[in-house]
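Please examine the salt bridges and strand pairings in the structure shown here.

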Amino acid sequence: MYSGNSNSYDFYNRKQYWKLILLLVAVVIIMFSIWVSNYLVMQISRDEKMRIHNWAVTIKQRSQIVTSTNKFFKQIQDEERAKVELYAEAQKKIAAASLDEDISFYNLIIEGNKTIPVILTDEEGNIRATVNTVFTSTSIPGMKGYIEKEFSVYPPIPIRYYKDEVNYIYYKDSKLFTEVQDMINSLISSFYDDIVNNAASVPVIIYDSAANCVVASGNIPEKILSDKENVTKLINEMKAENPPISFDIEGKGSQWIYYKNSKVLTQLRYYPYLQFAIIGVFFLISYMLFSTSKRSEQNQVWAGLAKETAHQLGTPLSSLLAWTEYLKDKDVEPNVVGEMQKDMERLNTVASRFSKIGSVPTLTQSDIVSVVDSVVKYLKTRTSQKISYKITSSSDVIMLPLNVQLFGWVIENLIKNAIDAIGGSKGKINIIITEQEHTVTVDIEDTGKGIPRNMHKAIFNPGYTSKLRGWGLGLSLAKRIINDYHKGKIFVKSSVVGKGSTLRIILNK
């Protein structure tokens, strides 16, 4: 099927070379693009990790400030309690003092209380005196309602007078202490908010190890937080990714901040691979579109060329038919006229074949053995006697859907290519037809010069030829007829340069 060097051989070699060059250029472009993207992602990743680190350091410092402030607040609370106890002790001393005892010091202690609200009641809960309150004993006579609630945060201090009379001192936090407490609560709340609403959009959980619960969270879906198992799993993931930050808040115990990389950073890690996939899909789609467009254009050229050829052959054929009838009337030797009529029929068959290219041919149940046999008989009388033909079939009759004219054209082209490969030397062409359950296989073997392995597919491309004056359309037409019209396959089964080739056709029954 192959007969030496040719221009088309060089053309397809150059074509393969340029395909390889373009592929390498595309790979270089893709790799460079991915490298740039990966570099940018690494830069962004480093910047974000630095922000996370700075955030973590800031949180640590803020926790220390909150803890220190809370300790200071506790100290103020203890001092106020001590003041109230001192105030109560002064009241006791005054109540127990004799008439000649100096109680001016205790009066100074009582008068020195300018901040802590104090209520003195009897055993029945009636208010006898008030200090640093917005009400008096006359406006609100008894410990009831909201007054009782406000002054019941701390237990009252009993004071015993003469005749076993007992009074009680009720007190609550001073206004200054309440303001400080509100400030501390606001500071702690702001501290938690700053953690969960961080600028780096880091998923974060504040966990109280003592209470075994989530204190606060940010950038985490609610459905995860509602399931304790999911929370535990997420905390373990965070712990594996970044070391947790611990801090203590007075009165709340030890708490832990768990966090992990932001969603954006996680997505950026996979961005280069996504980009590679998108570029790959783009190149694949582009290649498929260009290939489809190219095949469509080739199909249109084939159809137009075939129909024009059939049209051009029609006029001389009609004229030649008339001339053969004329020669019969002139008593020309019958053998000469008979051979001319055979060639006329042959030309008519060729014209019919070309007219079917570009349109959907009709397939009818036909005997493939007889079709191949008729083609071989026709060519045998018109080729060199040095070439021997042999047809081997697994059955005498094998029926399957065929367009007889087009399939006969395929066999003819393959045999002619085999003859060209053999050249002027002595050779053999064997045709083996094998019937399987669902398919029929036709192998055409020759003893020609063989086909190089890298050209096994190229020989079916339009324009490929090993002949100096060939058009390179025979095998391309054969592939179109087998693949497109008969839904079969045609390919080089085997070939050894210098020994011969085998082309195989597979048709569906």
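Asp 443 is buried, with a relative accessible area of 7%, where buried means under 20% relative accessible area, exposed over 50%, and partly exposed in between (1.4 Å probe, protein chains only). The model is a predicted one, in which local features need pLDDT of at least 70 and side-chain atom pairs count only at pLDDT 80 or more, while totals for chains, interfaces and linings use all residues. Residues are numbered from 1 along each chain as its sequence is written, and side-chain values use heavy atoms, with hydrogens and water left out.

Asp 443 is linked with Lys 493 and Arg 504 in a network of salt bridges, a salt bridge being a side-chain nitrogen of Lys or Arg within 4 Å of a carboxyl oxygen of Asp or Glu. Because Asp 443 lies in strand S13 and Arg 504 in strand S15, their pair ties together parts that are 61 residues apart in sequence. Lys 493, for its part, counts as partly exposed at 45% relative accessibility.

| Salt bridge | N to O distance |
|---|---|
| Asp 443 and Arg 504 | 2.7 Å |
| Glu 412 and Lys 416 | 3.0 Å |
| Lys 493 and Asp 443 | 3.8 Å |

Glu 412 is buried at 6% relative accessible area, whereas Lys 416 is partly exposed at 37%.

Strand S13 (residues 439-446) and strand S15 (residues 500-508) are antiparallel over eight bridges, with Val 440 opposite Leu 507. Strand S14 (residues 489-496) is joined to S15 by seven bridges, again antiparallel, and here Ser 494 stands opposite Thr 502. The hairpin of S14 and S15 has three residues between its strands, and Gly 498 takes a positive phi near 90 degrees there.

Elsewhere, an open sheet of four strands has the order S2-S1-S4-S3 with antiparallel pairing. Its edge strands, each pairing on one side only, are S2 (127-131) and S3 (157-160). Four bridges join strand S1 (residues 118-121) to S2, and Ile 119 has Thr 130 as its bridge partner in S2.

How values were computed. Two strands pair if DSSP finds at least two bridges between them. Helices (H or I, at least four residues) and strands (E, at least two) are DSSP runs, numbered from the N terminus.
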